[in-house]
Amino acid sequence: MSRIDFPSPPQRILLIKPSAVGDVVHTLPILNLLRKRWPATKISWLLTPLCAGLLDGHPQLDEVILFKRDRYAASWYDPSALSELFALKRELRAKQFDLVIDLQGLFRSGWLTKQTKAPMRIGFANAREFAWLAYTHKVPVENLEQHAIDRYLLITNLLGCPRDPVEFIFATDDTDRRVAAELTAGADRFALLFPGTNWQTKRWPIEHFAALVEPLEKQFNLKCFVGGAPNEVSLASQIRGATNLAGKTNLRQLTALIERAALVISNDSGPMHLAAALNKPLISLFGPTNPTRTGPYKKENSVVRLDIPCSPCYSRKCSHQSCLKWLTTDSVLRAAESAFASR
């Protein structure tokens, strides 16, 4: 597609990327490039309450619009939920966006894009669930194996934004950093372990994480902390010898915690993407998912995985999970040596 020329800068832009911390992190460079292209434009972002905290007070964002996915999912049988969904539709329409960018590419995001009635609505030509029907401009994706961020950059290129710099700007401030410092008081150098994920099949066995604690301290002089969401407290507690910080931080504080870490070891999860964006020494553990598409951006060397025939399979259910069960702690420790050697 040829570049879209604007006779005058758009006054209001809406980004639609509603859920998953990793997806939000991947979208931050797009926000950055839009802000550089149009410094005076009002930019809004529609996303779920679970992820909204990561953008709270973000210096490049004017507004967060909450998409209460779980609540709206009940609209087919709950009249009050349906009423709230249509109230959101009216709100989006009333804001009179000039440009809407749908980076989710699913039915619900396409439906919301269409409801804005913005004169310019952009998304990918291969969007799923017929979301592409909502777009005035459909961006072709020739390489399905490219990273999500590189795919998103196709849209900013079309809008006349430069491809570089790919920068990740967070809302984290000194208050968040003080919380992180208090939680890790007494630890000059530490490793952060993230054993949780949203898919059970993406979890490296918890006993493997536990087996890292002693060698990380002896070989690298790293005290171990375990991070995670409130629903991962019990999982994190199974890593003996490490301090359990799961559930003790919000997303901005978690970002500050990762900033302080000497090493991050994580499954394919939101914290992994935060660590990559913050350019921290990182070991990312992959099994059923493809690091080429959704791995740590420009940190291919951080990926530890087994090259077996059934991986990646993208399956949320597996009877054997060989791709991760057979991944040894020795391979992770060797990756830690390489991570420190390359700094």
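Reader: How many cavities of 30 Å³ or more does the structure hold?
Author: One. Keep in mind that this is a predicted model.

Reader: How much space lies in the largest cavity?
Author: About 40 Å³.

Reader: Which elements give two or more residues to its lining?
Author: Helix H1 (21–37) and helix H11 (270–277) do. The largest share, three residues, comes from H11.

Reader: And which residues line the largest cavity?
Author: Val25, His26, Ile149, Phe168, His273, Ala276, Ala277, Gly295, Pro296 and Tyr297.

Reader: How do the residues of that lining divide into nonpolar, polar and charged?
Author: Seven are nonpolar and three are polar. None is charged.

Reader: New topic. Where is glutamate 84?
Author: Glutamate 84 is in helix H4, which covers residues 79–94.

Reader: Is glutamate 84 buried, exposed or partly exposed?
Author: Partly exposed. Its relative accessible area is 29%.

Reader: Why does 29% count as partly exposed?
Author: Because buried means under 20% and exposed means over 50%. Glutamate 84, at 29%, is therefore partly exposed.

Reader: What is glutamate 84 in contact with, leaving aside neighbours within four places in sequence?
Author: Arg71 and Tyr72.

Reader: One more. What separates the C-alpha atoms of glutamate 84 and alanine 171?
Author: A distance of 29 Å. Along the chain, glutamate 84 and alanine 171 are 87 residues apart.

Conventions. Residues are numbered from 1 along each chain as its sequence is written. This is a predicted model: local features need pLDDT of at least 70, side-chain atom pairs count only at pLDDT 80 or more; totals for chains, interfaces and linings use all residues. Side-chain values use heavy atoms; hydrogens and water are left out. Helices (H or I, at least four residues) and strands (E, at least two) are DSSP runs, numbered from the N terminus. Buried means under 20% relative accessible area, exposed over 50%, partly exposed in between (1.4 Å probe, protein chains only). Contact means heavy atoms within 4.5 Å. On a 1 Å grid over the protein atoms alone, a cavity is a set of points where a 1.4 Å probe fits but cannot get out, and a pocket is an open set with protein on both sides within 12 Å along at least five of seven lines; lining residues have an atom within 4 Å of a point. Grid points are joined across faces, edges and corners, and a volume is the space filled by probe spheres set on the points. Ala, Val, Leu, Ile, Met, Phe, Trp, Tyr, Cys and Pro count as nonpolar, Asp, Glu, Lys and Arg as charged, and the others, Gly among them, as polar.
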